[in-house]
Every structure is written in C-alpha cells, then in structure tokens.
Amino acid sequence: MFSIFSRKISEKQILVAILLLGALLRFWGLGSSEFFHDEGFKAFRSIGYLDYLQNDDQTTPIQWFKDTAVLPWWTSLSFHDHPPLFFLIQNIFFKFFGNSLFVARLPSAIAGVLSVYLIYLISIKTFKNTLLNFLPPLLLSVNLLHLWISRASLIESVQVFFILLNIYSFFRFLED
C-alpha cells in the first residue's frame with residue numbers, strides 16, 4: 001500500500017492505471033490515419049496469406065536460390081525474408097473482424113499493452129523494492145518508440161512481446 005494525500009492506493013490500482021494509460025495511448029485513434037509503405041504491404045500479405053504462399057508468381061529470395069543449396073523445410077513458410085507468425089496472427093484478426101486499418105494495427109496494439117504488463121512481471125523478478133516495480137512499465141507505456149511500433153502494423157511490436165515473454169519465462173524457469 002502506498003499513501004498519497006492520506007488515501008491508500010494499492011499496488012493493483014497502480015498497475016491498472018499504468019496499463020490503462022498504455023492502452024489509451026496505443027488505441028486512441030488507432031485506425032484514423034492512413035497506412036504508410038510497410039504497413040500496407042504487410043497487411044496486403046496478411047489478408048491473402050495462404051493464397052500468397054501458394055502463388056508461384058510471387059517468388060521469394062529463398063525460391064530464387066533453392067537450386068543452389070539444400071534448404072530446410074521451414075523455408076517454404078516464410079516469404080521475402082519475413083517470419084510468418086505476424087502474418088498468421090494478422091490474418092486471423094482479418095478473418096474475425098474484417099479488413100480495416102484498425103484491425104491491421106490491432107495485433108500490434110494488443111502486443112504493446114501486453115509488453116507493458118510483461119515488463120511489470122519482469123521487474124517483480126528483478127527488483128526487491130515494490131516502488132521500483134512500477135517504474136519500468138510506466139516508462140515503457142509512455143516510450144515514444146514503443147508507442148510508435150505498437151500503433152503501426154509492423155512485426156516489431158509482436159516481436160518485442162515475444163522477447164519479453166521469453167525473458168519472463170526464463171526467470172520463471174530459474175525459480176522452478
């Protein structure tokens with residue numbers, strides 16, 4: 001419990017406030033601006049993800065060099081040197097919610113808010129002072145670069161989420 005102006009505020013209330021701030025900054029007007037170059041290409045690929053993989057006219061660098069070396073089986077899952085998970089996630093969102101700017105950016109925004117929560121969980125594992133546990137998620141929730149990638153239809157926001165999930169899982173592994 002923290003006492004501010006003689007009113008007790010719980011740790012849970014502070015965390016909820018930080019997460020709400022992070023969500024507000026990431027979701028406010030999420031679908032209002034236009035796509036920029038990479039966002040449009042990634043959304044276009046995600047909408048027709050399965051068709052794109054089966055299309056022989058859409059060649060990839062892996063296909064260009066497939067006769068010169070023995071390539072692993074998983075190279076057929078990726079195209080233009082991009083990992084397929086983001087496109088698969090975005091494709092699922094398009095299937096459920098339809099095609100729009102907001103939906104294209106929704107997986108990144110959700111991953112951004114979840115990253116703020118994961119930073120909190122990681123800080124609990126690293127800091128002993130409870131007040132310090134709230135500084136990293138607060139800083140990440142208002143960090144301009146993280147806000148930008150969380151509001152754009154780019155791979156990086158989901159990538160940061162999975163990196164943080166990996167770090168948190170490692171700390172949990174060390175405990176157990």
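Guide: Let us start with the surface: the protein chain exposes about 11,200 Å², and carbon and sulfur atoms supply 68% of that area. Accessible areas come from the Shrake-Rupley method with a 1.4 Å probe, and for residues only the protein chains shown count as cover. This is a predicted model, in which local features need pLDDT of at least 70, side-chain atom pairs count only at pLDDT 80 or more, and totals for chains, interfaces and linings use all residues. Residues are numbered from 1 along each chain as its sequence is written, and side-chain values use heavy atoms, with hydrogens and water left out.

Visitor: How many helices and strands are there in the protein chain?
Guide: Helices (H or I, at least four residues) and strands (E, at least two) are DSSP runs, numbered from the N terminus. Here there are nine helices and two strands, in the order β-β-α-α-α-α-α-α-α-α-α from the N terminus on.

Visitor: What share of the residues counts as buried?
Guide: Buried means under 20% relative accessible area, exposed over 50%, and partly exposed in between, with a 1.4 Å probe and protein chains only. Of the 176 residues in the protein chain, 35% are buried.

Visitor: Which residues of helix 9 are buried?
Guide: They are Ile 155, Ser 157, Val 158, Phe 161, Leu 164 and Tyr 168. These buried residues pack against helix 2 (37-47), helix 5 (84-97), helix 6 (101-126) and helix 8 (144-150).

Visitor: What should helix 9 span?
Guide: The expected span of a helix is 1.5 Å times one less than its number of residues. Helix 9 (residues 155-175) has 21 residues and should span 30 Å; its end C-alpha atoms are 31 Å apart, which agrees.

Visitor: How do I read aromatic pairs?
Guide: A pair of aromatic rings is described by the distance of the centres and the angle of the planes. Rings of Phe, Tyr and Trp (its six-membered ring) pair if their centres lie within 6.5 Å; planes under 30 degrees apart count as stacked, over 60 as edge-to-face and the rest as tilted. By this rule the count is six aromatic pairs. Phe 86 and Phe 87 have ring centres 6.1 Å apart and planes at 75°, so this pair is edge-to-face. Phe 170 and Phe 171 make a tilted pair, with 6.4 Å from centre to centre and 50° between the planes. Both Phe 86 and Phe 87 are buried, whereas Phe 170 is partly exposed at 47% relative accessible area, and Phe 171 is partly exposed at 24%. Tyr 117, Tyr 120 and Phe 134 form one aromatic cluster.

Visitor: Where is Leu 131?
Guide: Leu 131 sits in the loop between helix 6 and helix 7 and is exposed, with a relative accessible area of 53%. Its C-alpha atom and that of Glu 11 are separated by 8.8 Å, although the two residues are 120 residues apart along the chain.

Note on methods: Contact = heavy atoms within 4.5 Å.
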